[in-house]
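Here is a short report on one protein chain. Look over the sequence and the structure first.

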Amino acid sequence: MAPQTRKAAIVGGNRIPFARSNGAYARASNQDMLTATLDGLVARFGLQGQQVGEVVAGAVLKHARDFNLTRESVLGSRLSAATPAYDVQQACGTGLEAAVLVANKIALGQLESGIAGGVDTTSDAPMALNEDMRRVLLAVNNAKTLQQRLSALAGIRPGQLIPEVPRNAEPRTGLAMGDHAAITAAEWEIGREEQDELTVRSHHNLAAAYDRGFFDDLVTPFLGLTRDQNLRPDTSVEKLAKLKPVFGQGEGATMTAGNSTPLTDGASAVLLASDEWAAEHDLPVLAHLVDAQTAAVDYVHGGEGLLMAPAYAVPVLLARNGLTLQDFDFYEVHEAFASTVLATLKAWESPEYCKEKLGLDAPLGSIDRAKLNVHGSSLAAGHPFAATGGRIVATLAKTLHEAGPGKRGLISICAAGGQGVVAILES
Amino acid sequence: MSDWYRDFANSGVGTTITKQLGLPRPAELRRYEPGQPLLPGAAVVGSAGEGRLRDELTRLLKDDGVTVVSPVTVDGGTDGERLAAVLLDATGLTGPTDLAAAHDFLAPAVKRLAPSGRVLVLADPPAGTSSPAQAAARQALEGLVRSLAKELRSGSTANLVHVPLGAEASLASPLRFFLSGRSAYVDGQVLAVTTAELPDAADAEQPLAGKVAVVTGAARGIGAAIARVLARDGAHVVAVDVPAAGEQLAQVANEVGGTAVALDITGDDAGPRLAAQLVARHGGVDVVVHNAGITRDKLLVNMDAARWNSVMAVNLQAQLDITQALLDTEGALKPDARVVSVSSQSGIAGNRGQTNYAASKAGVIGMVRSWAPEFAERGATINAVAPGFIVTEMTAKMPLGTREVGSRLNSLQQGGLPVDVAETIAWLAQPGSAGVNGQVVRVCGQSLLGA
């Protein structure tokens with residue numbers, strides 16, 4: 001056993017540009033994208049043929065045949081075939097959770113290096129057999145005699161030919177994630193204009209980062225796409241104001257296709273290591289993963305918003321690390337919806353909410369908005385569910401590294417099922 | 001990208017037809033492969049006048065396992081063996097009358113030259129004597145070699161190397177290059193060597209083992225070929241290209257076991273950024289290949305500022321800036337570094353519609369020559385390679401007629417391959433090439449343009 005723990009270093013990252021659903025990656029599978037992303041990371045850090053301690057990644061929308069998605073991607077990549085891998089899945093928290101898992105093993109001395117990642121395609125999504133049809137076919141398969149088989153086949157009805165398509169909806173409420181977010185937005189009285197302003201800032205920040213070459217060593221083009229397909233550098237509050245609401249109802253509906261993330265395809269990966277491993281390989285250390293926390297809320301019966309779990313996770317993380325919400329140089333709050341970011345920030349500012357829901361004596365307070373998502377986030381880049389965590393970890397690590405040593409950043413990611421994953425990075 | 005005409009001309013019926021019609025008969029060139037002997041057959045070494053290199057040449061050849069036959073055997077024609085190489089030591093020339101000896105030796109020897117044979121003439125530089133008669137004789141060799149190169153067929157080449165007194169040790173590396181398949185598309189050229197401190201002999205199969213080489217424009221075409229050849233010769237390749245070419249760049253880097261760096265070399269901080277990464281990640285760089293280049297063709301009168309400026313920025317200014325940044329950054333450029341710049345035949349001969357491109361590529365030659373003395377002082381070298389018609393994705397898009405004619409306008413009657421340029425660069429990058437500095441080596445099959 002390691003006598004004490006150490007902080008895992010973030011060496012760097014790689015992702016492919018994110019594509020809009022049925023866009024540039026319409027014909028790419030999760031395995032294609034994850035393999036290309038790993039290969040881009042290998043090329044950037046000269047890891048050809050090398051064994052990395054572990055590769056941990058996952059996808060939210062996953063075919064049954066992809067039960068070993070990450071290991072299969074490793075085998076198809078230029079990494080040594082002796083690199084172990086496993087899949088994880090925690091909805092939109094998958095990518096960050098994967099990084100936390102790798103970092104924890106490094107912290108314990110169980111790994112010297114590891115890659116955390118995630119991938120998702122909404123274009124090449126899995127479709128399941130109709131449930132009735134599936135039962136009929138299972139019966140056919142289990143039948144022993146011809147007569148039994150024929151009798152089982154006789155159960156087939158035309159209606160069973162309709163497949164089950166995955167929906168971006170919560171199984172327990174039947175509501176789309178956007179509908180849930182719209183309820184929260186209404187509760188917190190999040191206005192249309194502030195959502196559109198946040199969205200514009202995300203696009204402008206991301207475009208500026210691309211323009212100054214910030215993503216040169218974070219992104220590798222794929223299938224002809226060199227920048228995120230969803231990015232609109234010239235968008236403005238006026239342009240966004242013209243969009244009709246798509247979530248929520250009536251006068252109070254504020255959430256549009258502009259200030260909500262679109263369905264997206266993409267993949268990301270982050271290289272983590274011990275400081276010693278990085279030094280041995282002459283590789284940089286951009287930042288360290290200091291600590292992480294998850295939380296979940298009862299959005300079904302508990303009267304809490306589906307995407308509000310990070311609001312609960314952050315104070316726990318802050319308390320454990322003796323920090324206040326203001327002790328950060330950068331904040332990366334995943335923009336599932338502009339309203340989600342704004343509701344979370346508002347919740348931390350609310351004395352009643354902080355007291356009643358979070359059990360705090362005083363509110364966490366407000367943050368300096370100039371430090372929020374400074375290189376753009378999901379509203380501009382898009383949000384391939386499991387790939388978002390890796391995008392954010394690598395982007396924040398480089399941001400902290402550029403700002404100099406001793407800088408601190410907070411990551412907050414909300415996830416389906418009423419969950420949240422948050423983490424602290426430090427340069 | 002196969003040369004359909006060459007394949008046809010070398011087929012049974014094609015041989016008959018092209019011979020009868022007097023059409024060009026391009027040969028399959030002998031190209032280098034690891035493990036290959038230096039020459040596929042015997043070599044003969046002769047001299048014109050009392051030269052000082054003949055014994056050294058014979059020793060070098062024998063060290064490389066080459067059978068050296070005497071000129072008498074050639075003259076007498078007692079055995080029918082074809083010769084793989086004919087070497088003439090012309091360092092003994094005192095005046096034009098001695099040239100007769102060159103003819104006497106070369107004529108029967110060249111007659112027995114095997115396909116993809118090599119004629120190599122070694123002489124003193126014309127400028128190195130105060131005697132007009134001796135300078136005349138030395139200069140005369142240039143006319144002799146260039147003409148002979150045009151007479152040779154079946155993929156054979158003829159080249160001239162100037163070896164000043166005291167620079168004899170620098171000869172070994174060019175000698176191996178010109179005799180080997182690495183120089184397949186280098187023909188009718190004059191190379192000058194200088195005195196230099198030479199390292200101990202490197203592993204012939206891995207002359208760049210342990211070296212770090214940065215190649216710009218490495219995502220495709222000639223740049224990718226350079227990356228492959230440098231890696232084959234043992235170097236760790238840092239492959240650089242614009243961020244938009246990142247996908248292909250990563251593939252090249254992974255193929256050669258190198259490192260991909262997405263970087264716009266025309267960016268303000270491109271040089272310092274690259275230098276910093278080379279220091280931090282690789283402990284400095286041994287070989288720098290400035291290959292990245294673009295074309296934006298238009299007749300001068302129709303050319304806008306954007307076309308002019310972008311070509312200059314990528315093809316010339318970036319080479320200057322990056323080299324300067326490497327020189328300025330502590331520990332970036334190794335003392336015995338090798339810098340090779342890709343120029344172009346257009347920069348030597350000019351080309352209609354390419355005033356910007358030709359200017360940038362001629363500028364590269366000026367840069368290399370200007371920096372050469374400073375590089376020599378630190379034990380480094382800087383040279384230029386000027387490709388002629390090289391078969392790439394770019395030439396594949398040319399109209400068939402233009403392409404076919406363009407590719408035949410040289411003594412080897414065919415276009416070169418990216419690997420031919422890469423082999424020349426890899427040779428200049430070798431530690432043993434310390435005596436080759438400030439040179440412009442054309443890889444053009446002795447093109448008719450700007451010869």
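The report starts with the whole chain and then turns to one strand.

## About the model

This is a predicted model: local features need pLDDT of at least 70, side-chain atom pairs count only at pLDDT 80 or more, and totals for chains, interfaces and linings use all residues. Residues are numbered from 1 along each chain as its sequence is written, and chains are lettered from A and ligands numbered from 1 in the order in which they are written.

## The whole chain

Chain B holds 16 helices and 13 strands. Helices (H or I, at least four residues) and strands (E, at least two) are DSSP runs, numbered from the N terminus. The C-alpha trace spans about 65 × 50 × 45 Å along its principal axes.

Of the 451 residues in chain B, 52% are buried. Buried means that 20 or more other C-beta atoms, placed from the backbone, lie within 10 Å of the residue's own.

## Strand 5

Strand 5 of chain B covers residues 157–162. Six of its six residues are buried, so the strand is largely enclosed by the rest of the structure. B:Thr157, B:Asn159 and B:Val161 point one way. B:Ala158, B:Leu160 and B:His162 point the other way.

## Its neighbours

Strands pair if DSSP finds at least two bridges between them. Strand 4 (residues 113–123) of chain B runs parallel to strand 5, joined by six bridges. In one of them, B:Val121 partners B:Leu160.

Strand 6 (residues 190–192) of chain B also pairs with strand 5 in the parallel sense, over three bridges. Here B:His162 stands opposite B:Ala192.

Note on methods:
Buried ≥ 20, exposed ≤ 12 C-beta atoms within 10 Å, placed from the backbone.
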